[in-house]
Amino acid sequence: MNSSISILFQPMNRMVTVPAGTTVLSAIREAGIQFEAICGGKGTCGKCRVIKISGKTSEEGSCCAKFLTLDEQRKGYCLACLVQVWSDAVFTIPIESRIDTPQILLDIAQTIQTISPSVHKYLVEKNLNYSLVTLGPSIRFAGYDGKRPVMNENQRDLIINSAHPLTATLYKKTEESLLIALEEQDTTERLFGIALDLGTTTVVGLLVDLLTGEIIKKASTLNRQITLGEELVTRIAIGRKEEGRKELQIAALGSVNEIIHKLTHGSGIKWNEIYDICLGGNTIMTWLLAGKDPTPLEYVDAQVESNPVLLNAETIGIDALPLTPIFCLPAVSRFVGGDAIGDILTSSMYKKTEISLLIDLGTNGEIILGNKDWMVSTSCASGPAFEGAGMRSGMRAMKGAIDTVKIDKSGQVIWHVIGDTDPKGVCGSGIIDAAAAMAHAGILDISGKLIESAPGVREGEHGLEFLLVPSHLTATGKDIVITSEDMAYLMDSKAAVLAAIIVLIKKYRLTPLDIHHVYLAGAFSSFGNIENLISFGILPEFPSAEFHRIGNGSLAGAYACLISSSLRKEATDIAKRMGYLDLLVDNDFIEEYWGALRIPEKDELFLIP
């Protein structure tokens with residue numbers, strides 16, 4: 001049996017006891033520290049950087065050297081996933097590896113005309129006199145006129161034996177109503193629910209008064225699954241085994257319960273006054289929350305039902321009343337989930353006569369085309385480049401991230417930093433701004449490669465790189481750069497998105513001139529500069545279109561379904577009638593992808609031929 005060792009992590013002064021031979025990354029997870037580990041510990045992203053202060057360790061030096069400069073190695077930098085610790089040790093988690101105050105999109109663009117939630121409260125009326133008609137005590141719910149609600153024997157006995165006035169909460173599930181809560185006294189004026197966006201990286205929630213639709217409070221946190229791996233394919237791989245699946249479910253539940261605590265704390269509303277929860281999330285996140293084996297989602301022919309996933313709080317361990325229902329927006333396919341359905345509800349494109357295009361870019365990109373008569377969707381593995389991952393100086397959108405970049409006529413780089421502090425790195429919107437500005441300034445050629453003779457371009461340890469911010473101006477004391485490898489990765493991501501859009505439009509014999517509305521959803525799409533998205537060639541030009549930023553459509557869609565039972569039916573109808581084009585088996589996609597590996601010329605009308 002391995003002996004135990006203690007590892008201290010600075011500057012948070014967090015100590016954890018683990019078996020000797022444990023990797024630093026596993027110890028960080030055990031300590032509950034939010035930490036960058038995009039690839040989930042496979043040694044392929046180079047983001048899980050720590051500095052060894054003391055202790056006996058062993059590491060895969062060749063892999064570490066791939067991602068670390070010689071100067072960093074001399075200073076004790078190593079990759080947490082590749083280093084095993086064999087004695088008591090001390091590590092520093094450098095500023096670039098910490099997850100600190102992420103910029104999370106909380107705005108929603110949704111107005112509901114009629115408030116009609118799926119849960120309602122009624123005063124209980126009972127008649128204990130037996131008759132030949134009832135053959136027992138009569139129980140009524142004042143004002144309720146539906147089918148007889150379903151209740152269990154314990155609930156029935158409680159009603160009959162209670163000496164106090166009672167309020168019943170009924171949940172209308174399809175055509176039948178379920179009794180989910182009984183409370184003493186009249187509590188009909190207190191009816192609350194929570195809308196959630198369970199994202200791959202972040203979890204966002206709204207506390208809502210279900211009687212008025214008022215949003216009482218907002219809260220956000222990071223998805224605790226990210227220390228297990230940021231990419232969806234990594235989480236699928238972990239979820240193949242029951243213990244891994246359980247670990248992922250516990251992490252997701254921990255994030256959801258943290259949101260519930262944040263929403264109820266100080267609001268005057270208790271956790272046991274949460275009577276309904278509605279959740280938007282991609283297919284994989286929803287399956288993992290439900291504890292469902294995600295293995296089938298690895299395959300092109302994966303069968304995904306277009307019905308909502310229905311759970312309750314007690315079954316999976318959410319901090320609410322035991323029978324509080326959880327409505328998960330339905331999915332269309334393995335990569336177009338309830339979050340995309342939320343986008344569609346928020347945009348209202350499914351009600352319009354004109355043809356619309358909806359784009360939600362993240363690690364996975366969802367693209368939806370259509371109108372009130374028809375809709376088709378597709379998805380592309382745009383990669384985490386648009387969220388700042390996979391880049392040498394890339395980081396998520398949080399305090400210290402450069403989010404906008406310009407290069408003036410003199411060649412000076414001008415940037416803005418989230419939190420107005422010294423920069424630590426550059427996030428997705430800043431990377432696109434930088435790439436577009438570099439192309440305009442002649443620093444990149446048409447294929448996205450750095451031009452060796454261009455101002456600001458130099459030879460680095462791993463090839464050419466462009467200096468964005470010199471070390472003396474950064475929070476890390478290191479240069480912030482965009483490397484040749486970064487640009488190759490970014491060009492691959494942008495080509496995948498553009499090709500997906502082109503294929504989808506061409507399949508239906510349309511051109512960009514036929515698109516009248518373009519909806520941009522999600523944090524990157526909402527913060528990104530539209531002009532740069534087009535000039536760099538991520539989006540085509542749409543001369544006839546009006547652009548709309550709809551914010552967090554997944555959260556807005558969950559909110560809409562929380563306060564409108566009719567919209568739950570519409571969400572299910574949308575999912576059932578939407579087509580899906582799988583680009584992995586589409587021959588046209590490869591051809592368009594190769595054509596999209598270029599930056600449009602300045603004077604080129606960037607239309608699909």
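Visitor: Which side chain of opposite charge is nearest to D403, and how far away is it?
Guide: This is a predicted model, in which local features need pLDDT of at least 70, side-chain atom pairs count only at pLDDT 80 or more, and totals for chains, interfaces and linings use all residues. Residues are numbered from 1 along each chain as its sequence is written, and side-chain values use heavy atoms, with hydrogens and water left out. D403 is buried (under 20% relative accessible area, with exposed over 50% and partly exposed in between, using a 1.4 Å probe and protein chains only), yet it has no salt bridge, meaning a side-chain nitrogen of Lys or Arg within 4 Å of a carboxyl oxygen of Asp or Glu. Counting Lys and Arg as positive and Asp and Glu as negative, with His and the chain ends not counted, the nearest side chain of opposite charge is K406, at 11 Å.

Visitor: In which strand is D403 found?
Guide: Helices (H or I, at least four residues) and strands (E, at least two) are DSSP runs, numbered from the N terminus. By that numbering, D403 belongs to residues 401-407, which form strand β22.

Visitor: How many residues apart in sequence are the parts tied together by D588 and K507?
Guide: The side chains of D588 and K507 meet in a salt bridge of 3.0 Å, N to O. D588 lies in helix α16 and K507 in helix α11 (residues 484-507), so the separation in sequence of the parts that the pair ties together is 81 residues.

Visitor: Is E273 buried or exposed?
Guide: E273 meets R190 in a salt bridge of 2.6 Å, N to O. The pair links distant parts of the chain, with E273 in the loop between α6 (242-264) and β16 (274-281), and R190 in the loop between β12 (176-184) and β13 (192-198). R190 is partly exposed, with a relative accessible area of 31%, whereas E273, at 10% relative accessibility, counts as buried.
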